[in-house]
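Please keep the sequence and the model in view while reading.

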Amino acid sequence: MMLLKLDNVQKVYKDFTLRCSMKVEEGYITGLIGANGAGKSTTFKAILGLIKADGGNVEVFGKRLDDFSAADKEDLGIVLSESSFSGMFTVSDAAAIMGKMYRRFDQKVFFDKCAQYGLPLNKPIKDFSTGMNAKFKLLTAMSHGAKLLILDEPTLGLDSVVRSELLDEMRRYMEEEGRAILISSHISSDLEGLCDDLYFIQNGEIMFHEDTDVILSDYALLKVSRKQYEELDKRYIDYQKEEAFGYTLLTKEKQFYLDNYREVALEKGNIDDVLLMMAKGKKTEGLK
């Protein structure tokens, strides 16, 4: 079942234009990755109706946002970088509000999770560190049994140990059927180990969408001399970048080059490699 669908959603600013199509399916953790300013937060705001799109359609749970009921909104758990409870509130204050807003809010589980991650119940949120605030916002989003979590940079400001713990929380959250997560991050290693599929956004446009397993199994970088480049079958080369030694090439047909060009240096691709080549390399459609 499709829980989220964006169909050519557009938002035009003076110096930036968003053009975005993507989907999030039930049972999937979908990642949106890109540099700061690439359009991740703008996309999330368009999904949630926090900005008015200039074109295209957003559907959540098969409904337009204008048709959302209060019950539908309870099925969303949200983390946005600039949003939270008032800094004067404590965790206990926030829990009291959540209990009135959400029928499925479980205060005991929420307090237990807060204790697990060292969040004091009676300290004003304004006095939380960056890491504490990030943990609080994520635990709040996960506290009321939402079907779809929309998480904009939820691990920002956390050290690697706490990031790993919270990523494990997301995995446990997905053990219940009927759920999905859309998460953005510029920390590609987080998404590589978490997400089922990835979208890459650059300058407001989706440049790439692929299953994470396919990226890790089928993509590769070829390092070739200029002579090797001239002799290479380039039908399956997607991007290229000229180097001092010759060329770095990106392919999603790793096995073809392993089988036919054993003398060529080939490195298994990871998400950073793929995205860097797409951002800095030249697209090679039509090369022979």
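Asn 8 is located in strand E1 (residues 2–12); helices (H or I, at least four residues) and strands (E, at least two) are DSSP runs, numbered from the N terminus. The model is predicted, so local features need pLDDT of at least 70 and side-chain atom pairs count only at pLDDT 80 or more, while totals for chains, interfaces and linings use all residues. Residues are numbered from 1 along each chain as its sequence is written, and side-chain values use heavy atoms, with hydrogens and water left out.

Although Asn 8 is not a glycine, its phi is positive, at about 50 degrees. Asn 8 counts as partly exposed because its relative accessibility is 37%; buried means under 20% relative accessible area, exposed over 50%, and partly exposed in between (1.4 Å probe, protein chains only). Asn 203, in the loop between strand E9 (197–202) and strand E10 (205–211), also has a positive phi, near 50 degrees. With 59% relative accessibility, Asn 203 counts as exposed.

## An enclosed strand

How many of the residues of strand E3 (residues 29–33) are buried? The count is 5 of the 5, so E3 is largely enclosed by the rest of the structure. In a regular strand the side chains alternate between the two faces of the sheet. Ile 29, Gly 31 and Ile 33 point one way from E3, and Thr 30 and Leu 32 point the other way.

Strands pair if DSSP finds at least two bridges between them. E3 is joined to strand E8 (residues 180–185) by 5 bridges, and the two run parallel; Gly 31 stands opposite Ile 183 in E8. E3 also runs parallel to E9, with 4 bridges, and Leu 32 has Tyr 199 of E9 as its bridge partner.

## The nonpolar cores

A nonpolar core is a set of buried Ala, Val, Leu, Ile, Met, Phe, Trp, Tyr and Cys residues joined through side-chain atoms within 4.5 Å. The largest has 51 residues, and those with the most contacts inside it include Phe 110, Met 170 and Ile 183. Helix H5 (residues 130–141) gives the most to this core, with 6 residues. Apart from it lies another core of 28 residues, among them Cys 20 and Phe 44.

## One face of a helix

In helix H11 (residues 271–280), the buried residues are Ile 271, Val 274, Leu 275, Met 277 and Met 278. They line one face of H11, because seen down its axis they fall within an arc of 160 degrees, taken from the directions from the helix axis to the C-beta atoms. The face turned away from this buried side carries the exposed residues Leu 276 and Lys 280.
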